[in-house]
Amino acid sequence: MYLEKFTQTRTFKRRYPKWMVGKPLLYASSALASLGDAMFGYSQGAIAANQVQPSFIQTMYGGPLLTLQQVQRGETGVNPSLQAIVVACLNLTALLSSFFAAYVCDMLGRRMSVRVGAIIYFCASLIQIFMPNLAALIAGRCIQGLAVGMLSMTVPILQCEIAPGHGRGLFVSIEYFFLNSGYALSAWVGYGFYFAMPSEISWRGPYIIQAALAVILFVWTFYLPETPRWLLQHGYRDEALQALADLHGNGDPTDPHIVKQFVDIETTINVEKAMGEVGWMELFKQYPRRCLVGITCQSFAQSNGINVILYYLPENLTRAGLSIQKSLLYSGACAIVYCAGTLPTMVWIDKWGRRKFLLFGSIGLAAALAVIGALQFHIDGLPQGGVRVPTADVFFAFVCVYLFIFGASWGPAPWLLGAEIFPVRARAKGMALSTSVNWSSNFIMAFLTPILFNAIHGGFWFILMGSCLSSFAVVWYMYPETSGKTLEELGEVFGDQETTKSPFGGAVQTVQIGGGRDGGAGQALVVSGDAVVLEPRALLDVARALAPSSEVTLAVSQKDKEKDGSSSLLKVGSQDERASQVSKEDV
């Protein structure tokens with residue numbers, strides 16, 4: 001009740017400077033909101049680098065101070081199950097948080113959800129900076145997981161809701177590029193602080209950078225515009241129109257293109273409101289194919305092996321025969337390759353489509369994992385020492401190949417699909433479902449990796465290869481193509497019964513308007529596309545029309561009538577009326 005009252009009384013003032021209106025605001029909003037994902041990437045790399053720090057191992061796991069040679073040989077004395085819990089506990093709380101975040105995201109908004117995530121992340125970073133023992137480390141990572149789960153669910157939704165229909169792939173790819181950049185930053189920060197050994201700053205230092213990222217994200221949320229779709233969904237029509245104009249135009253809310261886009265969005269939202277709020281069971285019953293895509297894409301993203309490599313990358317490289325220093329250096333190089341893999345996705349995923357990227361990605365990942373697995377078996381048969389280094393260098397090269405392919409395919413595409421395939425009324429819950437599958441799968445893989453490597457060694461890579469081949473079959477038979485469609489048009493792709501079309505339909509229409517907030521009544525001439533808008537306020541009231549046809553009379557709900565005093569009838573003109581032009585005086 002309190003949250004609903006808070007939502008109804010909020011104001012959304014523009015805090016960003018006027019010179020940012022248009023593309024600068026659009027791209028800045030996308031990039032800086034993506035810091036939320038960058039912080040998750042950073043947390044992945046930070047824990048990976050610390051796993052090979054002798055001082056960190058002694059402080060967290062106990063025992064004598066190890067030498068670098070002992071760590072390189074894997075003689076740390078750390079129980080693999082305990083190490084698995086330390087790494088995977090973040091994923092478990094992120095799973096729980098992704099469900100809770102759906103309600104925060106829906107009720108308080110996308111921007112507020114990002115802000116809350118930044119605050120939680122900052123608190124977790126402080127704990128990790130000053131942590132004295134293993135219990136504090138686990139507590140800090142569990143709290144950090146709450147933030148990561150909230151941010152990983154909210155940011156893709158925000159990206160899709162501010163992106164133009166032809167550019168969602170670009171915007172979510174920007175988000176994933178930031179996630180990879182966060183990992184790359186942590187890898188190089190970890191390498192830099194390595195030279196501070198044996199001081200504890202060598203592993204506490206990266207957490208200071210982590211806290212600084214949270215502060216930057218928190219401050220930016222006060223300038224970040226709320227998404228037009230959320231504003232419309234909660235009755236902030238004027239603010240939504242202005243936000244749409246600022247993000248996709250030049251700040252002019254009377255721009256015909258902006259007004260038409262506004263009406264299309266509000267028409268769809270009104271239809272979905274008339275259908276009522278979607279529940280969890282209804283999500284599966286009404287959108288089964290969308291749920292299948294949302295679940296399987298995130299599941300395969302994890303079982304295809306990415307976090308098996310990322311969470312334990314320095315350890316995997318030392319296992320292959322590289323020194324600690326070289327493994328940290330090579331981890332930084334791998335991270336740069338991982339970032340570079342996202343670049344072709346930014347350019348071509350909206351042109352070529354999601355399916356092609358996923359299909360080629362599955363085949364490429366399977367081939368890379370086959371070579372990595374074979375090399376691991378060969379390395380395990382060699383004695384310790386310099387004789388392993390040449391093969392370890394080839395191992396490193398194919399890890400780079402794997403990371404580039406994953407960064408271009410199964411990295412960004414699942415986050416894009418999860419955010420775009422669900423309608424507005426179900427988007428937060430649908431994304432929460434998809435994200436929760438990501439975190440549950442992430443937890444399973446992070447937990448099982450040290451145990452399975454200890455049990456079956458290089459054979460684990462071939463299990464991951466089998467998952468890649470399975471993902472190819474699922475995408476081939478079950479995934480529709482979603483590129484090139486607006487969020488409001490995806491109902492046609494999935495065959496939903498409530499699919500709506502713009503009330504303008506591409507033709508000229510004359511719209512009869514009753515007395516609204518501005519007073520008066522009259523008509524407005526509308527031409528879809530290059531619209532001639534005689535009265536923008538009157539045109540906006542047309543958005544209450546829920547019919548896809550152009551010759552229908554609809555009753556506005558009594559609630560809307562009492563709220564803004566508008567007429568109880570909206571009449572969309574007949575074919576003969578559409579050719580008529582109305583003077584401004586008549587409006």
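Is cysteine 468 buried or exposed? In this predicted model, in which local features need pLDDT of at least 70, side-chain atom pairs count only at pLDDT 80 or more, and totals for chains, interfaces and linings use all residues, cysteine 468 is buried, with a relative accessible area of 0%. Residues are numbered from 1 along each chain as its sequence is written, and side-chain values use heavy atoms, with hydrogens and water left out.

The protein contains 26 helices and 4 strands, taken as DSSP runs numbered from the N terminus (helices H or I, at least four residues; strands E, at least two). Of its 587 residues, 59% count as buried. Among contacts (heavy atoms within 4.5 Å) between residues at least 6 apart in sequence, 79% join residues at least 24 apart.

Tyrosine 223, in the loop between α10 (201–220) and α11 (228–233), is partly exposed, at 37% relative accessible area.

Cysteine 400 is buried at 12% relative accessibility. Its sulfur lies 3.8 Å from the closest cysteine sulfur, that of cysteine 334, and is therefore too far for a bond.

Terms used. Buried means under 20% relative accessible area, exposed over 50%, partly exposed in between (1.4 Å probe, protein chains only). A disulfide is a pair of cysteine sulfur atoms within 2.5 Å.
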